[in-house]
Amino acid sequence: MNTPILVAGATGELGGRIVAALLRRGASVRAVVRVATEAAKVHALTRQGVDVRRVDLTDTAGLTQACEGVACVVSVLAGLREVIVDAQANLLTAAVAAGVPRFIPSDFASDYTRQHPGENRNFDLRREFQQLLDKAPIAATSILNGAFGEILTYGIPLLDLKHQQVGYWEDADWKIDFTTMNDTAAYTAAVALDVTTPRFLRIASFQHSPHELAAAAEAAGHGPFAVVPLGSRANLSARIEQVRAANLAGEQQLYADWQQLQYVRSMFAVQNTPLDNHRYPDLTWTSAEDLLGQRPPQANQPNLLGPYSDEELVKRLPGFTNHYATVNGVRLHYVAGGSGRPLVCLPGWPQTWYSFHPVAQELARHYHVILVDMRGMGSSDKPADGYDKKTMARDIYELVQHLGLDTVALLGHDIGGMVASSFAYNYPAATDQLIVLDGTHPTEGMRYMPMLPAPGALAGKMDGEHPYIWWMAFNQVKKLPEKLLAGRFHLLLDYLFAYVMLDESKMTAFDRAVYAAVYNQSENIRAATAWYQALGQDIADHHAYAQLSLPVLGIASYVAHGTLQQSVPAMTTNGRVITLPSSGHYMFEESPAQVLEAVLRFLQEHQPAVKPVAD
């Protein structure tokens, strides 16, 4: 075939496959690439015999020249308004000016024609360009392929290969459209060479319900899968609005967290029917079993729809970086920043290292700050056992050794305060100072917590004089919390934050989304409850500990001042307690300035003596 097909976006993942599919069909291919495109990418195309034209997408005259003599323009451009609407409009104008008879826009998505405006930001942009395209004197064909099948290998909640569960919204029998990139590319190449195509063509490599996805994953050799409800579509819509309101920067991001959730909603809202798969009999379609069998889960794949990644979160803390270390038989994730004396920070339930973000950068101005996801938390390992605080303290001690540190100061909140206390008891020579916030080592006194709340204690806010800590008992129950809360952990979070915070608005929608995304996973809930299920062993271990002499600061919110006033003097001969009566349990969010003032003053007042340098 001598008449070329022009491809815009040929250096992208899908664009490159379309070029290869066209060449296999004997087509002549011309590619428009941006002026700044890397030479290696251009060389990869020219090596295949592609006629590459470097043209700025704002240069209509240059685009017109590039379009001259081609039979069809295939746009595989990806971006927001400046690309999907503006750049494609320039490409369309050029195609019309050059007399190109056919145009395939960069739609390649779920059937946005059957969704309401406002339901998916990126689809709205396609719909806006569609209006321009339908007014132009050129034949157009949009290819709607549903979701790219490859996302099923990324470890998303819809098919979580690591935890062997399939999550769904509202209907476990709803059939979702999936088409692999190779199948989409092969079909697009056939359409580009077919002058009789209609305005829309709808395809899917396979259409599977969550139940069928579970069966396909098992047939592909990944073992049995649980099918887990994640809420209704209305729940998902409410979550999207909450996450979007908390991430204004996402309006300028192609795949913002809330945009990813909008794609999920689209997957459970529309179907490609009827399918046009049989239009080209020579094409074969990839099955779910084949896809999952040839593509095992890959740790390096982007997690498009899963928990907010540490890589993205750490960007919110300039100067901090992500790290991993395998110590005491577990792989721990930690975030580090700053310089000076080391300060190890251990979070509480149900949070992660990210809970320190309101105070981390100020602390890093004075210290080498190390924020650790403890055993069972965040991106750290979640083994079957080892959740007693003595073992968890051993994890932190070996991490300290791994980092080449002789001694450290420790700052622990909630469960992190329990682990930090155990560290000090077991490794006093490695502990310079200890700061605990609303949590010290478990003691026999825990056995006398009330089973029933005091009258009125559950009427809104936690009673600071008669605290009723209901989650201590709830998290003792094995295997039930993960069944109740998987996919809906935000319900617990919202209740908990309202109950133990004086101003729950200080826990932002974005923060809530971060923690919900982490603890929505069954394995993560199971590991977190194990911290509580080990309290009996922790109490037994406490009997063997001698009183400390190192400096200890207790910082208490209004809900824990009574507990810390008793526990800190009992654990050390050199301690004091500061109460923040205007703050609830999550003090970093509610009272960051007061926490910083107390922590920095204590650390500066109790600086360890500098060791003499040997001759």
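Mentor: R244 lies in helix 8 (residues 233-246). Helices here are DSSP runs of H or I with at least four residues, strands are runs of E with at least two, and both are numbered from the N terminus. This is a predicted model, in which local features need pLDDT of at least 70, side-chain atom pairs count only at pLDDT 80 or more, and totals for chains, interfaces and linings use all residues. Residues are numbered from 1 along each chain as its sequence is written, and side-chain values use heavy atoms, with hydrogens and water left out.

Look at what surrounds R244. Leaving out residues up to four places away in sequence, R244 touches R121, E251, W258 and Q262. Contact means heavy atoms within 4.5 Å. Now take L261. R244 and L261 are 17 residues apart in sequence, and their C-alpha atoms are 9.8 Å apart in space.

Helix 7 has 13 residues, but its end C-alpha atoms are only 15 Å apart. A straight helix would reach 18 Å at 1.5 Å a residue. That expected span is 1.5 Å times one less than the number of residues. P210, L213, A214, A216, A217 and H222 are buried in helix 7. They sit on the same side of helix 7, because they cover an arc of only 165° around the axis. The arc is taken from the directions that run from the helix axis to the C-beta atoms. Buried means under 20% relative accessible area, exposed means over 50%, and partly exposed lies in between (1.4 Å probe, protein chains only). Just after helix 7 comes G223, with a positive phi of about 85°.

Next, go on to strand 17 (residues 368-373). Five of its six residues are buried, so the rest of the structure largely encloses strand 17. Strand 17 has two partners to look at. Strand 15 (residues 330-337) runs antiparallel to strand 17, and five bridges join them. There, G337 has V369 as its bridge partner. Strand 16 (residues 342-346) runs parallel to strand 17, with four bridges. Two strands pair if DSSP finds at least two bridges between them. In strand 17, H368 stands opposite P342. From strand 16 the chain passes through helix 12 (residues 357-364) to strand 17, a right-handed β-α-β crossover. Right-handed means that, with the strands pointing away from the viewer, the path from the first strand over the helix to the second runs clockwise.

H333 has a relative accessible area of 0%, so H333 counts as buried. Its side chain makes a polar contact of 2.7 Å with the side chain of N322. A polar contact is a pair of N or O atoms within 3.5 Å; within protein, one must be able to donate a hydrogen and the other to accept it, and residues adjacent in sequence count only if both atoms are side-chain atoms. Beyond four places in sequence, the contacts of H333 include L371, V372 and D373.

Finish with two loops. P350 is in the loop between strand 16 and helix 12. The peptide bond between W349 and P350 is cis, with omega of about -10°. P274 is in the loop between helix 9 (257-267) and helix 10 (288-294). A cis peptide bond also joins T273 and P274, with omega of about -15°.
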